[in-house]
Amino acid sequence: MPVDPQAAVEISAFRWVPPFAQGLVRDLRVRWALEEAGAAYRVRLLDALSERPHDYFQEQPFGQVPVYRDADVRLFESGAIVLHIAEGTPALMPGDRAGRARTAAWVFAALNSIEPVITELATIDLFHPDADWARIRRPEVETKVRTRLGRLSDRLAGRQYLEDQFTAGDLMMTTVLRNLRHTDLVAADPVLAPYQARCEARSAFKRALEAQLAPFHQGEPAEMA
């Protein structure tokens, strides 16, 4: 579904980010959920390299993206937004009470149990690769990542998805795993690699990724062109 400038749903995103972050910014999660739900949306683009407009902090206290708006709801934090969207579509949320609760649990697991250790490793690799402290710290962090990924792999062994169907939990977990694309930690795993590929093969993901990447060429700073 193409982005519709007249849509009732609006999200915020960045006009441009450096190549290492392209395809990883968290508005991708929300775009993907909206695509799964078949919901049209419009985008408010912000300059990632400039101070946010003052009123933006009334919507997102930390100045991050995305912010979500519809006719009734104003939200920040990608996990909360994805769960809000998922509540309205069986493509992301089972119909039974237990299934809905477990879907929410997997969203939180992606954000709380998996993402923090991945973020620590990515921060070392992408921002401090030559620092003495980073070289000392990295082996321990990688071990933590491998341990968490191993637990996730155990859960997924013999399964297509985390539960009996694709849910918002899989959506969130996949976008978190993408943050390891600069390593082979997921790509070399015989369970996680096909799991991620299976989720990313969904047409809704492909449309969401294409929509996120589209503004980056037009928004590229002149000095970076």
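Q22 lies in the loop that runs between β1 (10–14) and α1 (27–37); helices (H or I, at least four residues) and strands (E, at least two) are DSSP runs, numbered from the N terminus. The model is predicted, so local features need pLDDT of at least 70 and side-chain atom pairs count only at pLDDT 80 or more, while totals for chains, interfaces and linings use all residues. Residues are numbered from 1 along each chain as its sequence is written, and side-chain values use heavy atoms, with hydrogens and water left out.

**Surroundings of Q22**

- Q22 counts as buried because its relative accessibility is 19%; buried means under 20% relative accessible area, exposed over 50%, and partly exposed in between (1.4 Å probe, protein chains only).
- Leaving aside residues up to four places away in sequence, Q22 touches W16, V17, R181, Q212, L213 and F216, where contact means heavy atoms within 4.5 Å.
- Q22 and F216 are 194 residues apart along the chain, and their C-alpha atoms are separated by 8.1 Å.

**Overall fold and dimensions**

- The protein has eight helices and four strands, and their order along the sequence is β-α-β-α-β-β-α-α-α-α-α-α.
- Along the principal axes, the C-alpha atoms fill a box of roughly 50 × 45 × 30 Å.
- Of contacts between residues at least 6 apart in sequence, 71% join residues at least 24 apart.

**Surface and charge**

- Of the 225 residues, 48% count as buried.
- The protein exposes about 11300 Å², and carbon and sulfur atoms supply 54% of this area; accessible areas come from the Shrake-Rupley method with a 1.4 Å probe, and for residues only the protein chains shown count as cover.
- There are 27 positive and 31 negative side chains, and the centres of the two sets lie 4 Å apart. Lys and Arg count as positive and Asp and Glu as negative, without His and the chain ends; the place of a charge is NZ of Lys, CZ of Arg, CG of Asp or CD of Glu.

**Salt bridges**

- Side chains of opposite charge can pair when their charged atoms come close.
- A search of the whole structure finds 20 salt bridges, each being a side-chain nitrogen of Lys or Arg within 4 Å of a carboxyl oxygen of Asp or Glu.
- R202 forms a salt bridge with E36, and their closest N and O atoms are 2.7 Å apart. R202 lies in the loop between α7 (192–200) and α8 (203–218) and E36 in helix α1, so the pair ties together parts 166 residues apart in sequence. R202 is partly exposed at 24% relative accessibility, whereas E36 is buried at 13%.
- In the salt bridge of E59 with R69, the closest N and O atoms are 2.8 Å apart. E59 lies in helix α2 (residues 56–59) and R69 in strand β3 (residues 67–69), so this pair ties together parts 10 residues apart in sequence.
- E59 and R69 also belong to a network of salt bridges that links them with E10, R42 and R44.
- E163 forms a salt bridge with R102, the closest N and O atoms being 2.9 Å apart. This pair links distant parts of the chain, 61 residues apart: E163 is in the loop between α5 (132–156) and α6 (168–177), and R102 is in helix α4 (residues 97–127).
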